[in-house]
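Dear colleague,

I am handing over the structure we spoke about, with the sequence beside it, and below it I have written out what was found.

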Amino acid sequence: MTEHLDVAKLQRRLAEFAAARNWQPYHTPKNLVAALSVEASELVEIFQWLTPEESARVMDDPGTAHRVTDEVADVLAYLLQLCEVLGIDPLAALDAKIDRNERRFPVREEDGNP
């Protein structure tokens with residue numbers, strides 16, 4: 001797919017995919033959060049016993065890279081579907097969270113920043 005991708009377009013595609021299969025009754029917040037947790041756990045499983053150095057090179061192996069990419073896609077898909085069901089704008093939520101974190105964790109000189 002070479003067209004420009006954005007969150008809203010991906011959410012529409014996911015909604016259309018689910019609607020075509022009559023999956024909407026199952027896409028409750030509870031079920032979507034559970035599915036998101038499962039997919040995140042599958043991503044964790046790939047990295048579970050790797051050393052920090054091995055984990056930094058995980059994308060060097062095509063087979064493992066494919067698995068990581070698929071699990072990232074699954075996590076994002078369920079997160080976007082959850083946001084759609086709950087009426088959350090994920091980009092606005094992230095932007096607001098970064099603002100709050102910048103206030104909570106100001107840059108300090110001892111962190112190596114003058």
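The helix α4 gives the most to the lining of the second largest pocket, with five residues. Please keep in mind throughout that this is a predicted model, and that the values below are computed from it.

To stay with that pocket for a moment, the second largest pocket has a volume of about 160 Å³, and both α1 and α4 supply at least two residues each to its lining. The residues that line it are Leu 14, Phe 17, Ala 18, Trp 23, His 27, Ala 73, Asp 74, Ala 77, Tyr 78 and Gln 81. Sorted by class, this lining of the second largest pocket comes to seven nonpolar, two polar and one charged residues.

The largest pocket, for its part, has a volume of about 240 Å³, and its lining consists of Leu 10, Arg 13, Leu 14, Phe 17, Ala 73, Leu 76, Ala 77 and Leu 80. Here too the helices α1, which covers residues 7-20, and α4, which covers 62-86, each supply at least two of the lining residues. In the lining of the largest pocket there are seven nonpolar residues, no polar ones and one charged one.

Turning to how the helices pack, α2, which is made of residues 29-47, meets α4 at an angle of about 160°, and the axes of the two helices lie 9 Å apart. Because angles over 145 degrees count as roughly antiparallel, α2 is described as roughly antiparallel to α4. The crossing in which α2 passes α4 is left-handed, and the residues of the contact between α2 and α4 divide into 17 nonpolar, two polar and five charged.

As for the chain as a whole, its secondary structure comes to five helices and zero strands, so that, read from the N terminus on, the elements run α-α-α-α-α. The radius of gyration of the protein chain is 18 Å, well over the 13 Å that the globule rule gives for 114 residues, and the chain is therefore more spread out than a compact globule. Along its principal axes, the C-alpha trace spans about 55 × 35 × 30 Å.

With best regards

Notes:
Residues are numbered from 1 along each chain as its sequence is written. This is a predicted model: local features need pLDDT of at least 70, side-chain atom pairs count only at pLDDT 80 or more; totals for chains, interfaces and linings use all residues. Side-chain values use heavy atoms; hydrogens and water are left out. On a 1 Å grid over the protein atoms alone, a cavity is a set of points where a 1.4 Å probe fits but cannot get out, and a pocket is an open set with protein on both sides within 12 Å along at least five of seven lines; lining residues have an atom within 4 Å of a point. Grid points are joined across faces, edges and corners, and a volume is the space filled by probe spheres set on the points. Helices (H or I, at least four residues) and strands (E, at least two) are DSSP runs, numbered from the N terminus. Ala, Val, Leu, Ile, Met, Phe, Trp, Tyr, Cys and Pro count as nonpolar, Asp, Glu, Lys and Arg as charged, and the others, Gly among them, as polar. Axes are lines fitted to C-alpha atoms, for helices over the stretch in contact, and angles run from 0 to 180 degrees between N-to-C directions. Angles under 35 degrees count as roughly parallel, over 145 as roughly antiparallel, 65 to 115 as roughly perpendicular and the rest as oblique. A crossing is left-handed if the near helix is turned anticlockwise from the far one by less than a right angle, and right-handed if clockwise. The radius of gyration is taken over C-alpha atoms; the globule rule is 2.2 Å times the number of residues to the power 0.38.
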